Amino acid sequence: MAVAARRRKALALTVAVMFVLFHLGALLPLWVGWSPVALWVALGLYLVRGFGITAGYHRLFAHRAYKANRVVQFLLALAGSLAVQGGLFWWVSHHRDHHAGTDTDKDVHSPVSQSFWYAHMGWMIAPSSFNSPRFRLTDLARFPELLFLQRHYLALLIAQAGALFGLGHALAIWAPSLGTSGLQMLAWGLFVGTVLLWHATFLVNSAGHRWGGRDHDTRDNSRNNWLVALVTLGEGWHNNHHKHPRSAKAGERWWQFDPTWWALRSLSWVGLVGDFQLPAQRKPVATAAQ
Ligand SMILES: [Zn+2]
Ligand SMILES: [Zn+2]
């Protein structure tokens, strides 16, 4: 069913307003200051939500690069949803779209066929980004808990903001020596952390198709960029990724920093994830898909 033009415009405008508000919110520390506890919370959320995007949204849901215990799958989807990068189905649909026509006119975000800025952020405030998804995502839609997260995406974000404010406020009352407050925790945990994670993730789409080396002769302009890998828990080895999109690991050489893969490997040792797709031992897509 086609999404009405008015609704598409409204959604694009909502995203634009969110972008402005969150960037303004990231300036709040100028007024509310900082405290070690607020910084630790922001760092922890950056890592947890970042892992939700890299291991969850990207490698598990968009590419089916491994299999996860159903509870782990839900927690990864939840962590990814809290990163304020769109609902799971929207994100996965656009990412599969990106791989289907990388760096061509069909690519939803390419700094080759469009501008760097458009590939970085601009595409998300374009009404066309809210068209009906090209992919039906039946592999995800069979899990009611994932549909629940998509349906209640906005409520989750509001709950996250409330929880952070509440945590800071409670600490201000019960442990005033920590020097935090509701607004300070919200500023660091939600606004600063989210904006930093946004730009890190968005760099994969912009810088990851412009700057860096190429280990593989792919048909697109994807690049391996160590700086992007550093801030995205390993997603910066984007040329490797476009060569082996179904691989659970993006870093292919020993020095290619890929903490997402290291964390997945650790989870596999306790049986929470497994059946990794890897470049050297990939199975045919048809048999590997869930
Ligand atoms: Zn790409
Ligand atoms: Zn991908």
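Helices here are DSSP runs of H or I with at least four residues, numbered from the N terminus. The model is predicted.

**Exercise 1.** Locate Leu-233 relative to the helices, and decide whether Leu-233 is buried or exposed.

Solution. 
- Step 1: Leu-233 sits in the loop that joins α11 (226–231) to α12 (238–243).
- Step 2: The backbone of Leu-233 has a positive phi of about 55°, although the residue is not a glycine.
- Step 3: Buried means under 20% relative accessible area. Leu-233 has 13% relative accessibility, so Leu-233 counts as buried.

**Exercise 2.** Carry out the analysis for Asp-103: which loop holds Asp-103, and what is its phi?

Solution. 
- Step 1: The loop between α5 and α6 (116–120) contains Asp-103.
- Step 2: Phi is positive, about 60°, and Asp-103 is not a glycine.
- Step 3: With a relative accessible area of 12%, under the 20% cut-off, Asp-103 is buried.

**Exercise 3.** Identify the protein donors of the zinc ion (ligand 2) and describe their spacing in sequence.

Solution. 
- Step 1: The donor atoms are NE2 of His-58, His-63, His-95, His-99 and His-241, at 1.9 to 2.2 Å from the zinc ion.
- Step 2: Written as a pattern, the spacing of the donor residues is H-x4-H-x31-H-x3-H-x141-H.
- Step 3: Helix α5 (residues 88–100) carries both His-95 and His-99, which are four residues apart, about one turn of the helix.
- Step 4: The relative accessibility of His-95 is 6%, so His-95 counts as buried.

**Exercise 4.** Classify Leu-24 by accessibility and state how far Leu-24 is from Val-192 in sequence and in space.

Solution. 
- Step 1: Leu-24 belongs to helix α1 (residues 5–25).
- Step 2: Exposed means over 50% relative accessible area. Leu-24 has 52%, so Leu-24 counts as exposed.
- Step 3: Between Leu-24 and Val-192 there is a separation of 168 residues in sequence, while their C-alpha atoms are 9.6 Å apart.

Technical notes
Residues numbered from 1 in each chain as written. Chains lettered and ligands numbered in written order. Predicted model: local features only at pLDDT ≥ 70, side-chain atom pairs only at ≥ 80, totals over all residues. Heavy atoms only, no water. Donors = N, O, S within 2.8 Å, 3.2 Å for Na, K, Ca; no water. Helix = DSSP H or I, 4+ residues; strand = E, 2+ residues; numbered from the N terminus. Buried < 20%, exposed > 50% of the residue type's maximum accessible area, 1.4 Å probe, protein only.
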